[in-house]
Amino acid sequence: MPAHVLLPVALCAGCCGLLAVGALRPGLPRVRWTDGLAAALAAGVLAVASLGNLNPLATGLATGCLAVVMLRVILTFRHHTRTLQVSRREALTDALTGLGNRRRLLSDLRGHLDPKGDGCVLMLFDLNGFKAYNDAFGHAAGDQLLVRLGRALAEAVGPEGRAYRFGGDEFCALVPGRRLHDSEAAALQALSEDGRGFSITAAHGVARIPVEASTASSALKLADQRMYAAKYAARTSRAVSRLRDVLGDVLEERERGLGDHADAVARQARRVGRRLDLADDDLDDLAWAAWLHDIGMAAVPDAVLAEPGPLSDEAWRLMRQHTVIGERILSRAPALRSAAALVRASHERLDGQGYPDGLKGDAIPLGARVVAVCDAFDALTAGRPHRPPVDVEAALDELLRCAGTQFDRRVVEALVAVMAEDAPAHVSA
């Protein structure tokens, strides 16, 4: 074969060999240096062919070689495009639950920050009881629990909302503002699970975007602050409830019947407080003060409590210290300090003749004035060892007689109205 024919055919055969070598190498599809060299040689052959007559075999081989190289380039590009899409998806997805991760959440939050847009609500959740669950059942079971809860959360806020795993045992959700109430309740239900030996619930905080937060970080910070405030309040409530049980036992052990008296005064005080339009927080303080107003009696000597006749001056001095002692006991619990102040003033009189500070009129906290009226009402209707009980109407008449001197008339009238709701045919102001 002449040299001018043999050389192009040999070059094209070499191109095919380079392509074969590149194809045989293991690994993901990609354009290798052998492909580039083969393409260059094939292009050279075709360039020579364009200048004059060239063996058809060489031209066909060179054209085929370039076609194969282009095919490999196209396949490699498609593979890398798919790989990039998968990488981006994985970068925005929590590997365990399949929910959006923190990066996806931040991206979606930024999309809702436009003041002209519809906005949304960010809900941040932290699981209660998850650490105990992990300790009891193991981390594998804990992971399965997170998967179940994450799936339930996604169903609860969908299809308009989106759920995320923020990290650890924290979840998030973005929902339209108009759906907040329903979505909030559904999400809390979704993140709850009870079983033998465990109970999982969730504390949460909410931030409205862009009304309450103009950046993604400020929205997360606000929701986080509210979530932990709610978590602390729940813990405090449980602690105070346990404290109440303990102090209730102290009252009952100190004197039989004090516990029932405390319950009755607390029930009436809360109803009277509502009648006076007290705020919810003030109602809670009032209820605690009413329930624990006699806790200082634990420090009063038995001889004083058991004295049958009128108390001596010394006995009265000791008795009048029980409100101060009660305040001191309750003030040791930060959540009960407001109630403690009401307990101290619960035996003050409107005319200034009460104890321990001789406060007068509006200087006496309203809650303390309510406790005083409800305490006296229960004492009259339940009776005492040295005094028989009276009926409701007689008790209210006595309180009205003392209104303006010992008791606040507005509070007494509120109690009269409350009792009228229970027995309208027997009670009138």
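Q: Which residues line the largest cavity?
A: The lining is made up of Glu348, Arg349, Leu350, Ile364, Arg369, Ala372, Val373, Gln406, Phe407 and Asp408. Bear in mind that this is a predicted model.

Q: How does that lining split by class?
A: Five residues are nonpolar, four are charged and one is polar.

Q: And what volume does the largest cavity have?
A: About 40 Å³.

Q: How many cavities of 30 Å³ or more are there?
A: The count is one.

Q: OK, strands now. Is S5 mostly covered or mostly open?
A: Strand S5, residues 198–209, is mostly covered, with nine of its twelve residues buried.

Q: How does S1 run against S5, and how many bridges join them?
A: S1, which spans residues 120–128, runs antiparallel to S5, and nine bridges join the two.

Q: What about S4 and S5, how do they pair?
A: Also antiparallel: S4 covers residues 193–195 and pairs with S5 over three bridges.

Q: Switching to charges. How many salt bridges turn up in the whole structure?
A: The search finds 15.

Q: Pick one. What does lysine 131 form a salt bridge with?
A: Its partner is aspartate 135, and the closest N and O atoms are 3.1 Å apart.

Q: Why are lysine 131 and aspartate 135 about one helical turn apart?
A: Because they are four residues apart in helix H5, which runs over residues 130–137.

Q: Next one: what does arginine 226 meet in a salt bridge?
A: Glutamate 212, with an N to O distance of 3.0 Å. This pair links distant parts of the chain, 14 residues apart: arginine 226 belongs to helix H8 (residues 216–254), while glutamate 212 is in the loop between S5 and H8.

Q: What's the relative accessible area of arginine 226, and how does glutamate 212 look?
A: Arginine 226 has 33% and is partly exposed. Glutamate 212 also counts as partly exposed, at 32% relative accessibility.

Q: And what does glutamate 421 pair with?
A: Its side chain meets that of arginine 275 in a salt bridge, 2.7 Å from N to O. Again the pair links distant parts of the chain, here 146 residues apart: glutamate 421 is in helix H17 (residues 409–422) and arginine 275 in helix H9 (residues 258–275).

Q: How exposed are glutamate 421 and arginine 275?
A: Glutamate 421 counts as partly exposed at 48% relative accessibility. Arginine 275 is partly exposed as well, with a relative accessible area of 44%.

Notes. Residues are numbered from 1 along each chain as its sequence is written. This is a predicted model: local features need pLDDT of at least 70, side-chain atom pairs count only at pLDDT 80 or more; totals for chains, interfaces and linings use all residues. Side-chain values use heavy atoms; hydrogens and water are left out. On a 1 Å grid over the protein atoms alone, a cavity is a set of points where a 1.4 Å probe fits but cannot get out, and a pocket is an open set with protein on both sides within 12 Å along at least five of seven lines; lining residues have an atom within 4 Å of a point. Grid points are joined across faces, edges and corners, and a volume is the space filled by probe spheres set on the points. Ala, Val, Leu, Ile, Met, Phe, Trp, Tyr, Cys and Pro count as nonpolar, Asp, Glu, Lys and Arg as charged, and the others, Gly among them, as polar. Buried means under 20% relative accessible area, exposed over 50%, partly exposed in between (1.4 Å probe, protein chains only). Two strands pair if DSSP finds at least two bridges between them. A salt bridge is a side-chain nitrogen of Lys or Arg within 4 Å of a carboxyl oxygen of Asp or Glu.
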